[in-house]
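This report goes through selected features of one structure: a loop residue and its surroundings, the spaces inside the protein, and some helix and strand details.

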Amino acid sequence: MFKSPAVRPLLGLTRRCQFTALSLSHATSTSQILQTSRISYPSQKQKRTITTYPVRSAASATATATQSPSYPVEVQRLPDVEADDLPITSQDGKMVAVGWDTRTWSRYHHIWLRDHCRCPKCFHAVTKQRLFNTFEIPKDIVPLRAESKDNGLKVTWPSKEPHVSLYPWSWLQRNSYDPPLNRRLAYDEKILWGSRIQQAPPTVAYEDVMAADDRGLYKWLHNVHTFGFSFVSGVPATPEATEELATRIAFIRETQYGKFWDFTSDLAKGDTAYTTLALGAHTDNTYFTDPCGLQLFHLLSHTEGTGGATLLVDGFYVASIMKELHPEAYELLSRIPVPAHAAGEESSLYTPAPSSGYPVLGHDTITGELVQVRWNNDDRSVMNHISPDLVEKWYDAIRLWNKCLTSPDSEYWVQLQPGTVIVVDNHRVLHGRSSFNGKRRMCGAYIGGDEYRSKLAVLSEKFAPDAIVQSTKDIPDTQVNGRNIWSAAL
């Protein structure tokens with residue numbers, strides 16, 4: 001093990017983004033369909049070719065903001081900690097340094113370590129809330145000792161009765177900030193896709209989702225997290241069964257359209273969804289400050305007519321193409337807010353706060369990761385806040401965005417049938433439909449993004465515990481009231 005106490009700074013590493021898509025051939029399951037393909041798009045100056053890779057790449061590696069994040073996009077990997085070769089620790093007047101291997105060190109401020117003590121005196125094991133008063137920590141606090149132990153970093157603090165804190169190695173790695181180490185969890189991985197996903201779309205059986213062991217429910221929600229959508233097959237074609245399915249995730253979010261919808265094309269509500277008109281690819285609720293997280297819908301019947309095919313487009317996939325081929329347009333879509341409204345109901349008039357709206361592409365302010373797509377040109381309000389020198393550039397940008405959205409490579413069309421429910425991540429996947437005639441009955445619901453992520457996190461703890469949970473399970477008083485006190489979510 002490297003013995004020097006000096007801490008090596010994180011190098012400003014960069015890499016070329018990889019575009020992850022599904023290249024589907026003669027496959028029978030999603031796990032079998034990842035193959036290399038090539039997709040060509042014309043740019044304004046020349047024709048360029050993007051190679052789409054079968055790697056399960058995260059959205060952060062494919063569609064990050066053009067502005068430099070506060071730390072490099074590619075961070076150091078998490079080094080392994082061996083029981084017979086523990087990390088080296090050293091300290092100075094302000095920090096404790098941990099040497100993971102000969103090339104990788106992390107530094108932690110003394111005040112930060114003291115603030116994150118999770119002993120029973122400082123952290124309530126049941127409620128998972130702080131008990132210790134952060135503001136009583138001396139600004140110049142210095143540990144008496146910092147030692148490497150099998151379970152983690154043991155720090156002894158000065159006090160009337162010496163206070164001892166233990167920080168698991170895996171937890172320190174996960175939360176390293178000087179430098180940041182690889183923070184991505186296994187279940188964070190996303191697969192970006194284009195039209196060829198139609199040959200093997202993510203699907204779960206209704207009986208599995210409704211099973212009491214929750215394993216099928218986890219598979220369903222994990223599909224949504226990974227692909228941005230998932231079908232459920234074999235659902236009874238009734239509103240009652242569909243609503244029960246929705247509440248397997250969480251409580252339904254009520255809006256001006258009601259709670260659980262059961263509607264036809266009768267304009268019962270002031271929205272084009274209640275007509276027979278075609279709808280271009282869009283996300284819902286751009287006029288809300290907090291758009292719904294999931295949208296679930298089920299075609300109950302379609303008689304005496306044809307049409308009404310459902311359109312799905314992976315907004316993260318399209319954004320990755322925009323970033324590669326048209327970086328200036330991507331930057332404008334990431335920066336310029338777009339106002340929106342819902343005004344079809346006499347009793348309601350919705351606009352977001354602030355009223356200037358939000359950009360088409362929303363990013364994590366720390367990592368630069370693309371986390372949300374907001375786009376519904378039909379609901380867009382007046383662009384009266386845009387700088388005069390950007391008006392034409394912005395219209396050029398949305399023209400390019402629309403061109404990528406409507407490319408045959410991006411569009412996945414599917415003719416829904418009674419018995420098949422689809423759930424869409426409204427922060428990622430855009431949906432639409434073709435025009436239709438006849439009598440068409442749909443039902444569905446909105447579910448909040450926070451509620452969906454909460455359910456997925458709980459199920460992930462059960463079926464796919466992260467490295468921190470697995471490595472700390474033998475530490476006394478760690479698993480309390482069903483949840484690890486060192487969980488990466490806390």
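## Buried residues, cavity and pocket

Asn-376 sits in the loop that runs between β19 (370-373) and α8. The model is a predicted one. Because its relative accessible area is 12%, under the 20% limit, Asn-376 is classed as buried. Apart from residues up to four places away in sequence, Asn-376 touches His-282, Thr-283 and Thr-286.

Asn-376 also belongs to the lining of the largest cavity, together with Thr-286, Val-338, Ala-340, Tyr-358, Arg-374, Trp-375, Asn-377 and Arg-380. This cavity has a volume of about 80 Å³. By class, its lining comprises 4 nonpolar, 3 polar and 2 charged residues. In total, the structure has 4 cavities of 30 Å³ or more.

The second largest pocket holds about 870 Å³ of space. It is lined by 42 residues, and those closest to its centre are Asp-271, Ala-273, Leu-279, His-282 and Asp-284. The lining of this pocket consists of 18 nonpolar, 15 polar and 9 charged residues. At least two lining residues come from each of β14 (261-263), β15 (279-282), β16 (294-303), β17 (310-314), α8 (391-405), β22 (429-433) and β23 (439-447).

| Residue | Location | Relative accessibility |
|---|---|---|
| Asn-376 | loop between β19 and α8 | 12% |
| His-427 | loop between β21 (421-425) and β22 | 13% |
| Ala-281 | strand β15 | 17% |

Ala-281 counts as buried because its relative accessibility of 17% is under 20%. Which residues is Ala-281 in contact with, leaving aside its neighbours within four places in sequence? They are Leu-311, Val-313, Trp-375, Leu-430 and His-431. Of these contacts, Trp-375 is also among the residues that line the largest cavity. His-431 is 150 residues from Ala-281 in sequence, yet their C-alpha atoms are 4.8 Å apart.

His-427 is likewise buried, at 13% relative accessibility. If residues up to four places away in sequence are not counted, His-427 touches Pro-291, Cys-292, Gly-293, Phe-316, Val-371, Gln-372 and Val-373.

Phe-316, touched by His-427, is one of the buried residues of helix α6. At the start of α6, the backbone nitrogen of Phe-316 has a side-chain oxygen of Asp-314 within 3.1 Å.

Strand β23, which contributes to the lining of the second largest pocket, is mostly covered, with 7 of its 9 residues buried. β23 pairs antiparallel with β14 over 3 bridges, and 9 bridges join it to β16, again in the antiparallel sense. Where do these two pairings meet in β23? Gly-444 is the bridge partner of Trp-261, and Gly-444 is also the bridge partner of Phe-297. In a regular strand, side chains alternate between the two faces of the sheet.

Notes: Residues numbered from 1 in each chain as written. Predicted model: local features only at pLDDT ≥ 70, side-chain atom pairs only at ≥ 80, totals over all residues. Heavy atoms only, no water. 1 Å grid on protein atoms, 1.4 Å probe; cavity = no way out; pocket = protein on both sides within 12 Å on 5 of 7 lines; lining within 4 Å. Points joined across faces, edges and corners; volume = space filled by probe spheres on them. Helix = DSSP H or I, 4+ residues; strand = E, 2+ residues; numbered from the N terminus. Nonpolar A, V, L, I, M, F, W, Y, C, P; charged D, E, K, R; others polar. Buried < 20%, exposed > 50% of the residue type's maximum accessible area, 1.4 Å probe, protein only. Polar contact = N/O pair within 3.5 Å; in protein donor to acceptor, adjacent residues only side chain to side chain. Pairing = 2+ DSSP bridges. Contact = heavy atoms within 4.5 Å.
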